[in-house]
Amino acid sequence: MTQETGGFAALDLNPNIVAAVVATGYEEPSAIQQQSIPIILAGHDMIGQAQTGTGKTAAFALPILNKIDVSKREPQALILAPTRELALQVATAFETYAKQMPGVNVVAVYGGAPMGPQLRAIRNGAQIVVATPGRLCDHLRRDEKVLSTVQYLVLDEADEMLKLGFMDDLEVIFDAIPATRQTVLFSATLPSSIRSIAERHLREPKHVKIQTKTQTVTAIDQAHLMVHADQKIPAVLRLLEVEEFDALIAFVRTKQATLDLAAALEAKGYKAAALNGDIAQNQRERVIDSLKDGRLDIVVATDVAARGLDVPRITHVFNVDMPYDPESYVHRIGRTGRAGRDGRALLLVTPRERRMLQVIERVTGQKVAEARLPNAQAVLDARIKKLTTSLAPLVAEAEATHGELFDRLTTDLGCSARALASALLRKATNGQALDLAAVEREQPLVPSFAPRGERTERGERSDRGERGERERRAPLPLAEGRVRCRTALGARDGIAAKNLLGAILNEGGLARDAIGRIQVRDSFSLVELPEDGLEKLLAKLKDTRVAGKQLKLRRYRED
Ligand code: AMP
């Protein structure tokens, strides 16, 4: 165990939990974890003010795992989450942290899936139930005793639950759990409705809030980019093509992420290295020295590993993973702009983390402008500029040393000067794409997001659960050459994206990559298809049925 993991070990958690957390790649507890875990372990009720991205899930999941009695096969902890997606995420997090605790069973309970298997899983001995309130109430109506053994209750994203209209359901659930329980409430905001719940249902709760004092940041040009979690590495690679940096530090959250990104950068020819808590101190010092003297240009680090790192050459900080709190953001970006130089800080934001971005802006008192991923033309321009810059010092003198050789080669090869120069360029650029079509082929557009304000969350929040919220979200921006088509079949018809994909692939005779995003809503679905040949394709799919119902795909008119 490295020195940094002492952070978790010092929290008095079961060693099996600490081991699982360390195996996940976490190096130290985040601020909310540091503060909440001892309170929950000590049995207090608690109100935690924290949003997604602060590590709040582990802040309650770890102490709860610590408390449950694995030998008892009955529900002991109930976690309420506003959406199906969050419920699934929380359940997965519990499973990850319980990897080294045999006998722990977690069940996720949410709408849109059959009730029978969920109830069976609860009765079969799941100690941890993660549920959306609506569906849980349906279960309570069938079996009012189902929660009678619960001792720990967590309300996750309580403000979101109220916004989605779950107030009455929450009251029903509170009544169904023994009053002797311990209750923990997490919420990004604490409006009066949440305070009133806390007054009625929590006992002398301790408050935990991550202090966000105003921080000043100067001389650093900051921007953010909306990007899906799985698109972060391609996004970084593309950004690096156009950013003119001297040395750069990229921050990620886990050891594995330092390794993955550093490997991707090295594969592209960057002089990059990973810096994480597993790397021995003397090796770390070597990495930092290399960054200082230019043997390395990019270091991919976790916060812990980058502690004390002060390298004046750093012109850029990439926050590839969101920091846990605004202080850490300010701290990270302070690595650039040293000694009065200009610095640039880029922050990648996934849809779930929009709120964290707002908190950072509030605390720093500055807007973090939205940047877009460079398009193929910008990438090409940057490549040509780099080539020009690398050739510039040579043109003045190379003729004296290589001019005669050049003449001889044109004669020997019987070709024009332009033909020979082109051949040399091709060799020198090592197969790099240097015309627009080739760059476009090489870098399929990474979909970035619509400007903030529009709720266009994909994946992480693709389902707003039982309240029909998902119907209201704006559609995602379209990639070039694609149009959106709509079918009236949706989740309530038992449709999943894979069913639509299968039907369109089979019956439309399309290649997999011709089909873009598929968004399944409650009462309809949207599918991105190539504009080229659309009419023919729709004609082919005219009689297609999915889940026994007519697909009836039509072009969807965007607003
Ligand atoms: P949450 O705020 O709970 O949604 O967590 C946000 C992300 O941070 C998740 O991807 C977690 O896996 C990750 N995370 C939580 N705690 C830590 C930690 N102590 N170290 C590294 N990553 C963490």
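This is a predicted model: local features need pLDDT of at least 70, side-chain atom pairs count only at pLDDT 80 or more; totals for chains, interfaces and linings use all residues.
**Stop 1: a buried charged pair**

Start with the charges. Side chains of opposite charge can pair when their charged atoms come close. Across the whole structure, a search turns up 27 salt bridges. Select Glu241 and Arg383, whose side chains form a salt bridge with N and O 2.6 Å apart.

**Stop 2: Glu244 and Lys385**

Now select Glu244 and Lys385. They make a salt bridge too, with the closest N and O atoms 2.6 Å apart. Glu244 is in the loop between α11 and β9 (247-251), while Lys385 belongs to helix α16, and the two are 141 residues apart. Lys385, at 47%, counts as partly exposed.

**Stop 3: Asp493 and Lys549**

Next, pick Asp493 and Lys549, a salt bridge with 3.0 Å from N to O. Asp493 lies in the loop between β15 (482-487) and α19 (497-508), and Lys549 is in strand β19 (residues 549-550), so this pair ties together parts that are 56 residues apart in sequence. Lys549 is partly exposed, at 36% relative accessibility.

**Stop 4: a network of charges**

Which residues link up in a network of salt bridges? Select Asp159, Glu160, Lys163 and Arg355 together, and you have it on screen.

**Stop 5: the aromatic rings**

Time for rings. The whole structure has five aromatic pairs. Show Phe8 and Tyr26: their ring centres are 6.4 Å apart with 35° between the planes, a tilted pair. Phe8 is in helix α1 (residues 6-9) and Tyr26 in the loop between α2 (15-24) and α3 (31-41), so the pair ties together parts 18 residues apart in sequence. Phe8 is buried, with a relative accessible area of 1%, whereas Tyr26 is partly exposed at 22%.

Tyr97 is in helix α5 (residues 84-97), 71 residues from Tyr26, and counts as buried at 5% relative accessibility.

Finally, show Phe8, Tyr26 and Tyr97 at once: they form one aromatic cluster.

Terms used
Residues are numbered from 1 along each chain as its sequence is written. Side-chain values use heavy atoms; hydrogens and water are left out. A salt bridge is a side-chain nitrogen of Lys or Arg within 4 Å of a carboxyl oxygen of Asp or Glu. Helices (H or I, at least four residues) and strands (E, at least two) are DSSP runs, numbered from the N terminus. Buried means under 20% relative accessible area, exposed over 50%, partly exposed in between (1.4 Å probe, protein chains only). Rings of Phe, Tyr and Trp (its six-membered ring) pair if their centres lie within 6.5 Å; planes under 30 degrees apart count as stacked, over 60 as edge-to-face and the rest as tilted.
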